[in-house]
Amino acid sequence: MTVISAMAMSLDGFVALPDDDPGPIFDFYDAGDVELSVADGWPTFHMFEPSASYFLGQVRRTGCHVVGRRLYDLTTGWDGHPGNEAPIVVLTHTPPDDHPRGGVDYHFVSGIHEAITIATALAAELDVAVAGATAGRAALDAGLLDVIDVALVPVILGDGIPWFAGSKGPVGLSDPIVTQSRGVVHLRYEVLRRAIDPGRQA
């Protein structure tokens, strides 16, 4: 089991425009000749190889999702269907009055340690996917992140929502495992030296 933060990112470190629109960052999902459908109700993607195989592998290995409240609200909790029917743990101090029914299980918690503990149990032997910039930074700062998976897109946004800017550092990473595709390069880093939340120190 691995705790992974995976996102698409511009060359200058942004995962979305200031208004949360991914803009050209997601273009590689619909630029190729390999048709890919991950779940009923989801759009059909068209990627180049090896992006399609890389993405499908991520989906199949994920046993639980951890997301922040902002991403949950932006996606309306994926209406209960995040793409691989894995449960979702939402980081929030104010749980919503209701949530999508008829899909995956939701768990609403206020702390990253509780979120990862619950997600690890739910994922069993599969991976925990930490989605969104806020949740990713929280997991990294708490020393709970094992892998950072970057889909680096050849575009400079100039402004937007950063991924790990403002994290507690420095944090050492391994040399990347590089998967080259068209319109994107996939970079997988192991977290070697983690920033630790002072509250966890003895």
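A residue counts as buried when its relative accessible area is under 20%. Keep that cut-off in mind as you explore this predicted model.

**Stop 1: phenylalanine 55.** Select phenylalanine 55 in helix 1 (residues 51–61). With a relative accessible area of 13%, phenylalanine 55 is buried, because the cut-off is 20%.

**Stop 2: the aromatic rings.** Now look for ring pairs; the structure holds nine aromatic pairs. A pair of aromatic rings is described by the distance of the centres and the angle of the planes. Select tyrosine 29 and phenylalanine 45: their ring centres are 5.3 Å apart and their planes meet at 45 degrees, so this pair is tilted. Tyrosine 29 sits in the loop between strand 2 (14–16) and strand 3 (34–36), while phenylalanine 45 belongs to strand 4 (residues 45–47), so the pair ties together parts 16 residues apart in sequence. Phenylalanine 45 counts as buried, at 12% relative accessibility.

**Stop 3: a charge over a ring.** Select phenylalanine 48 and arginine 182. The arginine lies over the face of phenylalanine 48, at 4.1 Å from the ring centre.

**Stop 4: helix 4.** Finish by selecting residues 133–141, which make up helix 4. Its buried residues include Ala135, Ala139 and Leu140. Just after helix 4, click on glycine 143, which takes a positive phi of about 75 degrees.

Definitions and conventions. Residues are numbered from 1 along each chain as its sequence is written. This is a predicted model: local features need pLDDT of at least 70, side-chain atom pairs count only at pLDDT 80 or more; totals for chains, interfaces and linings use all residues. Side-chain values use heavy atoms; hydrogens and water are left out. Buried means under 20% relative accessible area, exposed over 50%, partly exposed in between (1.4 Å probe, protein chains only). Helices (H or I, at least four residues) and strands (E, at least two) are DSSP runs, numbered from the N terminus. Rings of Phe, Tyr and Trp (its six-membered ring) pair if their centres lie within 6.5 Å; planes under 30 degrees apart count as stacked, over 60 as edge-to-face and the rest as tilted. A charge sits over a ring if NZ of Lys or CZ of Arg is within 6 Å of the ring centre and within 35 degrees of the ring normal.
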